[in-house]
Amino acid sequence: MDDNYIDIDDQESKSLGFDFKGFLFKALNLWKFILLCVGLALIVAYLINVRKQNIYSLDSLITVESDQNPFFTANTSISFNWGGVSGKVGKVMTSINTRSHNELVVDSLEYYIQYLQQGEYNKLDIYGRSPFVFDINKSKPQVLNFPIRIIKKNDKEYEIYTNTEATTKSAQIYDDKSKTQVNLPQGEFRQTFKFGESIELPFLSGKFTMNPKVNFSEGTEYYLSFLNFDNVVSSYQRSIKIGPYNNAASSVLRLSLVGNNKVRIADFLNATTSILSRTELERKNLYATNTINFIDSSLRAVDLNLKDVTGKMNTFRKKNKIFSVDEEMAQLSEKLKDIELQKEEANSKLNYLNSLENYLTTTTDYSQIAAPTSVGIDESNILNSVAKITNLSIERQNLENSTKEGSVLLKEIDSRIDAEKNVLLATTKSTKSTLNFQLNTINRNAANYEAKLSELPEDQQEFLKIQRQLDLSQEAFDIYMEKRGEAAIVKAANVSDITVIDEAKDIGNPPIGPKKSLNYMMALMVGFFSPMFLVFVVFLLDNTIHGSDEIARMSKIPILGLIGKYRYKNNLVAFEKPKSAVAESFRAIRSSLQFVFKKNASQSKANTLMVTSSVSGEGKTFTSINIATVYALSGKKTILLGLDLRKPKIFDDFNITNEKGVVNYLIGDSNFDEVVTHTHIENLDIIPSGPIPPNPSELLMSDKLKELIMTLKDEYDMIVLDTPPLGLVTDALELVQYADATIFMVRLDYTKKGMLQLVNAKQRTGELKNVSFVLNFYRHKNNSNYGYGYGYGYGYGYGVYGNTYHEKDKSSLLKKIKDFLKRI
């Protein structure tokens, strides 16, 4: 008994492991279902692919050059220290992704206007190949996201068509990018216009012109639509990519963009480089422009002074008739003029430094500083500091367009500007002290010369004074004019530091997307793994027995025989179809039973075989009838005893009634001869169960049954007991004492695994003895009972075992679907 406990526990522990082989063959058995899922997934992928537009990628190459210009050398006295390439690449890459830059590009190309053509599955962007062009009135609102159909009537006229139930919709005025609401005509709206004629509708303002390069097909549907300006800018701001072309040439940058329309992509990239180059040149010219403006303001003051002094000289000469003085005094006056010229230059420098100091301390925008060399300041520290502060200020302005105020980058630039500004203020203070010292020296020298000239007559002194003023004003004017000319030359000679190496162009670039092969690959994976996962879940949740290998793992009870699936009109297969494979199966079971009976030989002449099962519908009655038949056909006198008192069944196949049977004998209503029926099969008698009693269990426990069995053992060679299901009622356990061998029916794909544990437990406790399994609905398959392909190819199929233990089986739609899934 202890050994049995160990064996059963071992088998149960084995049954808990995952049967990978069983799962694999279960999946192979459902190959049609998996193939169907893969096919459906591929169809879905195809439908997705044909509806997706091609995606293209174009790029262009630009280079960022150093700010070098031959006019900044010895040819000019004005210099602008722009620096080298260092730092400019980063600035250009930042500028490309700023919103302000992309707004300029989108606005210049009017990419908020969509030209559409109805395709097979959706509307296609036909920018660059549209048969018409719309000249938009930016001061009037244009309806957003509302395709307006354009229908050509003839070469001169076209029709605008809309159809909507909405009364109002959002619109945008592209001049100031403001939004508003416009009224829409309800239902169908049609109105004819001439090409080139202005349109003034509540939702559309502008005019259409023909594109002579593209044919306007009358049968094709064309549409015009407007997009939100901010959304368009944001989409391009996110989409455009810029990066170094390679590590060897860090100043060469690659711009790339993807989209559905190659012409649109190329135009955007080329407009981007053009506007970027123009913006960079304006930034580069800002320093020269500020210097020219500073010189112009100085020139106006010098010009007024020159005119005033010239007027004084003319008046003085007319009044005093003095046109020259002696040579010695003239030389003194010339020296005094040189000193005063030095004084004027020093004062100009001081004025510039004072203005610069005031500018640095009163403003935060340092991009408007004029070149120090415009007033003759050539101090390298001042020149470098002014150039650095100007560049940092411009860099900060560019970052403001793409970075939030208070960010780390802006704080870092502000810190660098403050540090450079402090250095410049300190240098300015030191330079001002030096200039003041020079001015004191110049003033002392001037006083000496003026003292010598005071010996001349007053009219000659006045003449020389006016003459010096006139010469000084003229020289100052000439100097400023020269410097202005130099600054203008510098500005005119400037070229942008950004140069296009390779512009964007459509050269038949193949599409880069959609990834149709990837979509098909994903479809294959989803189509394959989804049903496999479903099969896996079903396999884990499935608690029915599917094959003999499962029984071998879960129980040590031997398998006596196998019965295939075979559809026939009744249960008499072994008699009416003796050459069938299923009849041969029963003969094989008969042969196997001989060994069981010999092993457990009894003193009586007859052998008793009990046939039971766990629940109804597993083939118990079918097996009882055919085993009894094959024994009778072998010459043994056989009787089939119907002991399933709750649901009589065996009488139907022999065309007899169930009016008298075992029940009548047990209650003493009939004698043995009255309940025995001789069948049309030689050597086979049957005793049906008789009327359904109210107390079947008590009748089977009575001594009359024992008496009946003893009588049968004396008169027959083989007794077959058709009993109730073991798993539903206890009647079968009362009959074990009369059986020399017990057959427990297992119907594959029907019997629950838990029922095997029940049989194991009954055998372990001794309630069942000499029990063997017979598998019904068996399909022999490759290597595993979850495989595919039939060994016998034939079998027996029958309806649901009686309805006493279950509700009436209805062929519901759900059952039909389940049966179909089982078949595939």
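Biologist: Which helices each supply at least two residues of the negative patch?

Modeller: α18 (672–675) and α20 (703–715) do. Helices here are DSSP runs of H or I with at least four residues, strands are runs of E with at least two, and both are numbered from the N terminus. Keep in mind that this is a predicted model, where local features need pLDDT of at least 70 and side-chain atom pairs count only at pLDDT 80 or more, while totals for chains, interfaces and linings use all residues. Residues are numbered from 1 along each chain as its sequence is written, and side-chain values use heavy atoms, with hydrogens and water left out.

Biologist: Which residues form that negative patch?

Modeller: Asp669, Asp673, Glu674, Asp714 and Glu715. Asp and Glu count as negative, Lys and Arg as positive, and His and the chain ends are not counted. The charge is placed at CG of Asp, CD of Glu, NZ of Lys or CZ of Arg.

Biologist: What counts as a patch?

Modeller: Its residues have over 30% relative accessible area and no salt bridge. Like charges are joined within 9 Å, and nonpolar side chains (Val, Leu, Ile, Met, Phe, Trp, Tyr) within 5 Å. The areas come from the Shrake-Rupley method with a 1.4 Å probe, and for residues only the protein chains shown count as cover.

Biologist: Where is Glu674, and is it buried or partly exposed?

Modeller: Glu674 sits in helix α18. It counts as partly exposed because its relative accessibility is 40%. Buried means under 20%, exposed means over 50%, and partly exposed is in between (1.4 Å probe, protein chains only).

Biologist: New topic. Which residues form the nonpolar patch on the surface?

Modeller: Leu518, Met521, Met522, Leu524, Met525, Phe528 and Phe529. Together they have about 660 Å² of accessible area. Phe529 belongs to helix α12 (residues 516–541).

Biologist: What about the loop between β16 and α12?

Modeller: That loop holds Pro514, and β16 covers 498–502. The peptide bond from Gly513 to Pro514 is cis, with omega near 0°.

Biologist: What do most peptide bonds look like?

Modeller: Most are trans, and most residues other than glycine have a negative phi.

Biologist: What is phi for Asp749?

Modeller: Positive, about 65°, although Asp749 is not a glycine. Asp749 is in the loop between β24 (741–747) and α22 (753–764). It is partly exposed, at 29% relative accessible area. Lys177 also has a positive phi of about 65°, and is not a glycine.

Biologist: Which residue makes a salt bridge with Lys177?

Modeller: Asp107, at 3.6 Å from N to O. Asp107 is in helix α5 (residues 99–109), and Lys177 is in the loop between β8 (168–173) and β9 (178–183), 70 residues apart. A salt bridge needs a side-chain nitrogen of Lys or Arg within 4 Å of a carboxyl oxygen of Asp or Glu. Asp107 counts as partly exposed, at 24% relative accessibility.

Biologist: How many salt bridges are there?

Modeller: The structure holds 20. One of them joins Glu221 and Arg149 (3.9 Å, N to O). Glu221 lies in the loop between β12 (204–210) and β13 (222–226) and Arg149 in strand β6 (residues 148–152), so this pair ties together parts 72 residues apart in sequence. Glu221 is partly exposed at 27%, and Arg149 is partly exposed at 24%.

Biologist: What about Lys762 and Glu767?

Modeller: Their side chains also meet in a salt bridge, at 3.5 Å from N to O. Lys762 counts as buried because its relative accessible area is 17%. Glu767 is partly exposed, at 33%.

Biologist: Now the inside. Is Asn626 buried or exposed?

Modeller: Buried, because its relative accessibility is 0%. Asn626 is in helix α16 (residues 620–633).

Biologist: What is Asn626 in contact with?

Modeller: Leaving aside neighbours within four places in sequence, Asn571, Leu572, Val573, Ala574 and Phe586. Contact means heavy atoms within 4.5 Å.

Biologist: Last one. What do the totals say about the protein?

Modeller: There are 23 helices and 26 strands. Of the 824 residues, 46% count as buried. The protein exposes about 41300 Å², with 52% of that supplied by carbon and sulfur atoms. Among contacts between residues at least 6 apart in sequence, 79% join residues at least 24 apart.
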